[in-house]
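Hello,

Here is the structure I promised to pass on. Have a look at it first, and my notes follow below.

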Amino acid sequence: MAGRRLTSTPDDLYRDALARGSESSKSGRYLVTFKLGAVDAGVRMLRDKYGLVVASAGDFQASAVVLEGLATANALILSEIGVVIVEGEAFEEHRVSSASLYEPDSPVSSIDEEYFAFGRSNHAEYLRGFGRAASTIATDLAEAVDASEVLTDSPQVTWGLAACGVPNSQFSGQGIRVAMLDSGLDFNHPDFVGHAIQFNSFVGQPPQDVAGHGTHTTGTACGPLVSTIGLPRYGIAGSATIFAGKVLNDSLVSVGGSILVGINWAIANGCEIISISASGPPQVQPPFTQAGATALSRGLLVIAAAGNQSQRPLRVAPTGNPANSPTIMSVAALDQSLGVAPFSNGGKVEIAAPGVNVLSAFPRPTLSRVLSGTSQATPHVAGIAALYAEADPQLRGTALWSQLQASVSKLPLSAADVGAGLVQAPQ
Amino acid sequence: MSQIWVVTLSGTRPIMSVAEDAEQAGLLIRHVLPEIGVILGEGNENIASTMRTVEGVSDISLDLPIGVNLPATNDG
C-alpha cells in the first residue's frame with residue numbers, strides 16, 4: 001500500500017484511500033501530537049518503545065522536507081509544532097494507539113487520523129463584499145439603543161462593538177485566556193503580529209487558517225483595540241491571550257470529537273473562556289453537556305453559536321449542539337436594527353449579540369471581511385466575557401454566565417429568540 | 001463497519017481504568033480526554049452495547065458531524 005507511506009504524494013494517498021474502499025476523507029496515516037516541551041521525550045518513546053524510525057523535518061534545509069529523503073523512515077517529526085506523521089502500516093503494526101500513551105506522564109497529547117484537505121466548494125457563498133457604510137453611529141452608549149435605528153459602522157468602531165458598549169469599557173481582557181475553537185488563525189495577519197497566541201490543531205491540518213472563519217471570529221473576540229491596517233475597531237478583548245484551537249478543517253467541517261478534544265485542550269491550559277462558532281444537529285449530546293459542566297466547575301465558560309438554519313419568519317430551527325447543552329451558553333444573532341437575524345436558531349438561547357454584517361479580520365491578502373451568522377455573534381459574547389473576567393476575578397464559570405445575562409440590554413423580543421437580551425460590556 | 005464513538009464517563013472510576021476496559025472490550029482508543037471525562041474510540045456497531053456494560057460508562061454515542069452551517073440567505 002504505497003499510498004500510506006511518508007514518501008506518498010497527496011495523489012498517492014487519495015488513490016490508496018479509494019482503493020481501500022474506506023472513507024476517502026482519511027489518508028490512512030496518523031498524526032501524533034506531543035505536549036508542549038515534550039517533543040524530545042515523545043520521539044524517544046516512539047523510537048525506543050515502538051521501534052519506529054523517526055526522521056526529522058529539521059534534518060532538511062530550512063525544514064523543507066524532500067519526500068525521497070524519507071524512504072527509510074516510517075515517521076516524521078515536525079519539531080516546530082510538536083507533531084509526528086506516522087505511516088499507516090507502522091502505526092497499526094506497532095500498536096501505537098494503545099491506552100498507555102495517555103498515561104498522565106506520557107508525552108503524547110493526542111493521536112488523530114490524517115484527513116485530506118479538499119478545496120472549499122462554498123467559497124463564493126461564504127464570502128461577501130464590503131458593506132460598511134461611512135455614516136457614524138450613535139455615540140451615547142450609556143443610553144439604551146433605539147431598536148428602530150439601523151446601526152452601521154463608523155470610522156472608529158464597528159456597529160456591533162458600539163451596540164455592546166465596548167468602546168467605553170476600561171477593560172481589554174488583560175490576563176485572560178480565551179480559547180477560540182474554530183478553523184485556526186492567520187498568525188501573520190498584521191493585526192495579530194505580536195499578540196500572545198498559543199495554538200494547536202485537532203483536525204490533521206496545520207493551524208494556519210485557510211477558510212478565514214477562525215481569523216474572523218478571533219478578530220471579533222480578541223482583535224486589537226487599534227487596527228494596524230486602518231479598520232474601525234473590531235476587536236473586543238485585545239489584550240487577552242489567544243488559544244487558537246483548530247477544530248474545523250479548511251472546508252469548515254468537523255466532528256463532535258474534534259470539538260471535545262479542543263475543549264479538553266482549553267481546560268488543560270487554564271483558559272477562562274471557550275468560544276465555539278460551530279453547530280451540529282439539534283440532538284443534545286451528553287459528552288458536550290459533561291464537558292460544559294466540567295468547564296463550569298473548573299471556572300471556565302463555554303460559549304457556542306445557536307446555529308443558522310432558521311428562515312424567519314417562516315421557520316425557526318432549534319438550537320444545534322453543542323450550544324443546546326444546558327451547561328453551554330447559547331448565542332443568537334441580531335441584525336443592525338437589533339432584531340433577531342432571520343437565520344438565527346431559537347429555543348435554547350441564553351444571550352444575543354450582533355451577527356449581521358460584522359466586519360473583522362480575514363487571512364491575508366484580503367485582511368478583512370464582512371460576514372454574518374451566529375458564528376459572528378458568539379465571539380462578541382466571548383470577548384465581552386473576557387472583559388468581565390478581567391474586571392473581577394470572582395467572575396468565572398457560572399458567576400460569569402450570570403453576570404453576562406444580568407448586564408444585558410433588554411430587547412422587546414422572545415427569550416427563545418434572544419435569551420436575556422443584547423450582551424453589554426463592563427464599563 | 002468501523003465508526004468513531006464518543007464515550008462519556010460517569011466519573012466513578014479513573015478514566016485510564018475505563019480506557020483499559022474499553023480497549024479490552026474491542027474499542028480502538030483514539031483519544032482519552034481526562035479533563036472532561038470522555039473517551040473517543042473506533043469500533044463496529046456492536047461495541048455500543050458492549051461498552052454500556054463497562055463500569056464507569058454513562059453514555060456511548062456515534063460521533064456526529066459538526067460545522068459552520070452558513071446562513072441560507074447570507075454568507076457567514
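Angles run from 0 to 180 degrees between N-to-C directions, with axes fitted to C-alpha atoms, for helices over the stretch in contact. Helices (H or I, at least four residues) and strands (E, at least two) are DSSP runs numbered from the N terminus.

Before going further, some ground rules. This is a predicted model, where local features need pLDDT of at least 70 and side-chain atom pairs count only at pLDDT 80 or more, while totals for chains, interfaces and linings use all residues. Residues are numbered from 1 along each chain as its sequence is written, chains are lettered from A and ligands numbered from 1 in the order in which they are written, and side-chain values use heavy atoms, leaving out hydrogens and water.

As for confidence, the complex has an ipTM of 0.81 and a pTM of 0.72 from the predictor.

In chain B, four strands make an open antiparallel sheet, ordered β2-β3-β1-β4. Its edge strands, β2 (28–33) and β4 (57–62), each pair on one side only, and the twist averages 20° from one strand to the next. Pairing here takes at least two bridges found by DSSP; β1 (residues 3–9) and β3 (residues 38–43) of chain B are joined by six. B:Val6 stands opposite B:Leu40 in β3(B).

Now to the rings. Three aromatic pairs turn up over all chains. A:Phe187 and A:Phe199 form a tilted one, 4.9 Å centre to centre with 50° between the planes. Rings of Phe, Tyr and Trp (its six-membered ring) pair if their centres lie within 6.5 Å; planes under 30 degrees apart count as stacked, over 60 as edge-to-face and the rest as tilted. Because A:Phe187 lies in the loop between β6 (177–182) and β7 (197–201) of chain A and A:Phe199 in strand β7 of chain A, the pair ties together parts twelve residues apart in sequence. Elsewhere, ring pairs link A:Phe202, A:Phe243 and A:Trp265 into a cluster.

Finally, two cis peptide bonds to look up: A:Asn321 to A:Pro322, with omega near 10°, and A:Arg364 to A:Pro365, with omega near 5°.

Best wishes
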